[in-house]
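User: I have a model open and want to go through it with you. Can we start with the annotation and then move to pockets and sheets?

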Amino acid sequence: MVAADLEGPYEPGVRRADLGLQVHWCVLPFRVLLVLTSHRGIQMYESNGYTMVYWHALDSGDASPVQAVFARGIAASGHFICVGTWSGRVLVFDIPAKGPNIVLSEELAGHQMPITDIATEPAQGQDCVADMVTADDSGLLCVWRSGPEFTLLTRIPGFGVPCPSVQLWQGIIAAGYGNGQVHLYEATTGNLHVQINAHARAICALDLASEVGKLLSAGEDTFVHIWKLSRNPESGYIEATPLL
């Protein structure tokens, strides 16, 4: 059980979900941290769920008085933890093998709209590999290569609807959009390979079974679908086979 302390009084009539709270287990090569985000800041806990090792307060900066300030989108990449923000910036935290000496090492500036989701996959020692993708409220996707300094490889333009959820698997980007579509892109080039009219309403979330390449989509239409991702052995083209 995890208790999230938002360090503020409860506001009647305001749901916790409205405060932008997210919780995510970040599995690093040498430790596991529990990361929480809210409208106040970013908290990181040891795997026991109650020993807080880091707190990062959100700076409203140039935000207007009516603009919501929050952190959203959490993912681990190597020994880094990446967290998206309302401003479109992605905060990159360098995590030590143990202890609380966590450092904000970089801020990625590929987006102009609030971040919605972040997905990563292990680079496995390959050079010039796309191992992280970030999405925002405009539907824009940014593809990155992680490292001591993160490098922006390509941008995949949006088309007027948000991208609430994104996944990354073996160089394939799966993006779920507010119009109910799932798009499959080649991560290194940003080329669109597959467009699926998956749901009648907005997609809420995507999840991926990385061992078998099965993609799950859930939408506001109350349906859940499962797709088997693969590549054509001759052409290398991305394919998606419906299973449910």
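**Annotation, pocket and sheets**

Analyst: An unreviewed UniProt entry places the annotation "repeat: WD" on residues 196-230; UniProt positions follow the numbering used here, feature names are shortened, and annotations may be inferred rather than shown by experiment. This is a predicted model, where local features need pLDDT of at least 70, side-chain atom pairs count only at pLDDT 80 or more, and totals for chains, interfaces and linings use all residues. Residues are numbered from 1 along each chain as its sequence is written, and side-chain values use heavy atoms, with hydrogens and water left out.

User: How much helix and strand over residues 196-230?

Analyst: That stretch is 0% helix and 63% strand, with its end C-alpha atoms 15 Å apart. Helices (H or I, at least four residues) and strands (E, at least two) are DSSP runs, numbered from the N terminus.

User: Which residues lie nearest its centre?

Analyst: His24, Ile118, Ala119, Thr120 and Gln167, out of 43 lining residues. The elements giving two or more residues to that lining are β1 (22-27), β5 (71-77), β9 (115-120), β13 (165-169) and β17 (203-209).

User: And which domains does the lining draw on?

Analyst: Domain 1 (18-58 + 67-108) and domain 2 (112-243) each give at least three residues; the bounds come from an automatic or database domain assignment.

User: OK, sheets. What is the strand order in the one with β1?

Analyst: It is an open antiparallel sheet of four strands, β1-β2-β3-β4. Two strands pair if DSSP finds at least two bridges between them. β1 and β4 (52-57) each have a single partner strand, so one side of each has no neighbour in the sheet.

User: How many bridges between β3 and β4?

Analyst: Five, with β3 covering residues 41-46; Ile42 stands opposite His56 in β4.

User: What about the sheet with β13?

Analyst: Four strands again make an open antiparallel sheet, in the order β13-β14-β15-β16. Its edge strands are β13 and β16 (192-197). Five bridges join β13 to β14 (residues 172-176), and Trp169 has Ile172 in β14 as its bridge partner.

Terms used. On a 1 Å grid over the protein atoms alone, a cavity is a set of points where a 1.4 Å probe fits but cannot get out, and a pocket is an open set with protein on both sides within 12 Å along at least five of seven lines; lining residues have an atom within 4 Å of a point.
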